[in-house]
Amino acid sequence: MPNAYVIGLGKSGIASAKLLQREGWQVTVSDRGNSEELQKQRQSLLSAGIAVELGDSFNPEVAAPELVVVSPGVPWDVPSLVRSRELGIDTIGEIELAWRYLQKQPWVCVTGTNGKTTTTALIAAIFQAAGFDAPAFGNIGYAACEVAIAEPQPDWAIAELSSYQIESSPRVAPRIGVWTTFTPDHLARHKTLENYYNIKAHLLRQSQHQVFNGDDPFLRQIGPSQWPNAGWTSVTGKAGLIGDPTLGTYIEDGWVIAQGEAILPANTLRMPGSHNQQNLLLAVAAARLAKISKEAITQAIANFPGVPHRLEHICDWQGIEFINDSKATNYDAAEVGLASVESPAILIAGGEAKEGDDKGWLQVIHAKAAAVLLIGNAAPTFAQRLKQVGYTQFEIVETMERAVISGAELAQKHQAKVVLLSPACASFDQYANFEQRGDHFRQLCKTFVAEHPTL
């Protein structure tokens with residue numbers, strides 16, 4: 001029986017282990033952690049006949065497996081994985097493992113710095129409205145190997161893929177590849193912008209059909225030379241489209257036009273912001289490449305509820321809307337989030353700061369924020385940056401609990417329309433991930449509203 005080693009005991013690692021076991025492998029899963037939750041997962045896997053090593057690091061020369069499968073959160077260039085590849089051990093990511101067992105299904109793969117999740121969710125909703133079994137997975141929804149295990153197998157595989165997942169899964173070749181945006185991110189891992197770009201570009205080069213956001217400045221600049229046969233999108237109309245207009249998708253006179261045909265009114269999507277109009281165009285373009293009808297597209301978009309943590313409406317209180325944009329983990333996403341809501345707004349920002357250019361974000365704060373409440377490790381740095389650009393309506397409140405209460409009070413004081421959590425930061429200083437941060441904000445907002453009924 002061949003031996004496989006799975007690194008990481010999260011959702012992806014567990015699904016990988018179960019798929020490999022089904023396929024006749026002797027499986028060991030390792031994780032450097034040793035928490036109570038991991039102990040529970042270990043017991044569950046042990047009872048299923050899968051070995052688990054906690055609090056231990058993988059050594060390929062000692063373990064000597066024939067296959068190593070890496071969960072997305074494990075850096076591809078850690079010494080043990082570099083050594084594994086040097087030894088000629090088949091070393092792949094969880095996405096590639098799923099690909100090996102789902103190659104008969106056509107894939108739609110969505111990547112980009114921002115906008116991936118909303119675009120992926122829109123595409124999955126459209127395909128499902130058309131009657132297809134088309135689960136969303138990868139960086140959203142299911143782990144890829146959960147889909148590979150499922151019986152019957154899906155009609156389409158709709159994958160949101162981060163640069164981490166693409167890097168460790170170079171053989172994935174989608175029917176349709178979609179690139180949403182491109183701005184500096186994850187440079188602590190990928191080192192240079194060129195490396196980051198090339199990882200994402202590899203997925204699109206592997207794709208039979210490509211769809212690009214033509215309103216993204218970076219993609220627009222390199223597009224015509226590198227991707228002459230792609231379908232491009234633009235919210236600015238046919239005149240703003242690059243590439244072959246017969247392959248393009250754009251908004252003209254309030255209508256989404258795809259490949260020369262009017263599909264649906266752009267305002268059918270209820271999510272705010274021009275960036276969500278771009279996400280809509282990308283999803284419609286992918287759907288039309290798959291020959292999905294206008295009726296199914298319109299039905300799916302009209303019923304689309306939005307995505308948690310992406311400009312998610314939480315509740316209203318005395319004319320003030322509380323909005324959760326916890327997924328805005330960098331300056332560009334936070335700039336888009338604040339620009340998308342009604343002004344004036346009370347902004348909650350901060351967490352674990354990332355590298356990046358904050359100038360555009362600060363300009364939007366000047367234009368739209370009546371006040372800024374700062375939380376987490378980044379609060380002193382953000383306060384200093386706001387002072388430097390002449391913005392003084394900020395307060396360091398440190399915690400989310402204080403931010404929600406102060407946000408409501410300041411919204412009343414300034415007659416603000418919105419209290420917006422859009423952190424421009426990672427969450428790891430105070431939360432396990434952006435979802436946990438957003439869930440906490442949602443809970444606090446609902447509790448506050450319940451305890452302070454409208455007079």
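## Helix α17 and its end

Just after α17, glutamine 415 has a positive phi of about 55°. The model is a predicted one, in which local features need pLDDT of at least 70 and side-chain atom pairs count only at pLDDT 80 or more, whereas totals for chains, interfaces and linings use all residues. Residues are numbered from 1 along each chain as its sequence is written, and side-chain values use heavy atoms, with hydrogens and water left out.

With 15 residues, α17 reaches 20 Å from its first C-alpha to its last, close to the 21 Å expected (1.5 Å times one less than its number of residues). Its buried residues (under 20% relative accessible area, 1.4 Å probe, protein chains only) include Met400, Val404 and Ala408.

## Packing of α17 and α18

The axes (lines fitted to C-alpha atoms over the stretch in contact) of α17, residues 400–414, and α18, residues 434–451, come within 10 Å and cross at roughly 45°.

The contact (heavy atoms within 4.5 Å) is made by Met400, Glu401, Val404, Ile405 and Ala408 of α17 and by Arg437, His440, Phe441, Leu444, Cys445 and Phe448 of α18. By class, 8 of these residues are nonpolar, 1 is polar and 2 are charged.

## Packing of α6 and α12

Helix α6 (residues 116–129) packs on helix α12 (residues 274–289) at an angle of about 40°, with the axes 9 Å apart. That angle makes α6 oblique to α12, and this crossing is right-handed.

Definitions and conventions: Axes are lines fitted to C-alpha atoms, for helices over the stretch in contact, and angles run from 0 to 180 degrees between N-to-C directions. Helices (H or I, at least four residues) and strands (E, at least two) are DSSP runs, numbered from the N terminus. Ala, Val, Leu, Ile, Met, Phe, Trp, Tyr, Cys and Pro count as nonpolar, Asp, Glu, Lys and Arg as charged, and the others, Gly among them, as polar. Buried means under 20% relative accessible area, exposed over 50%, partly exposed in between (1.4 Å probe, protein chains only). Angles under 35 degrees count as roughly parallel, over 145 as roughly antiparallel, 65 to 115 as roughly perpendicular and the rest as oblique. A crossing is left-handed if the near helix is turned anticlockwise from the far one by less than a right angle, and right-handed if clockwise.
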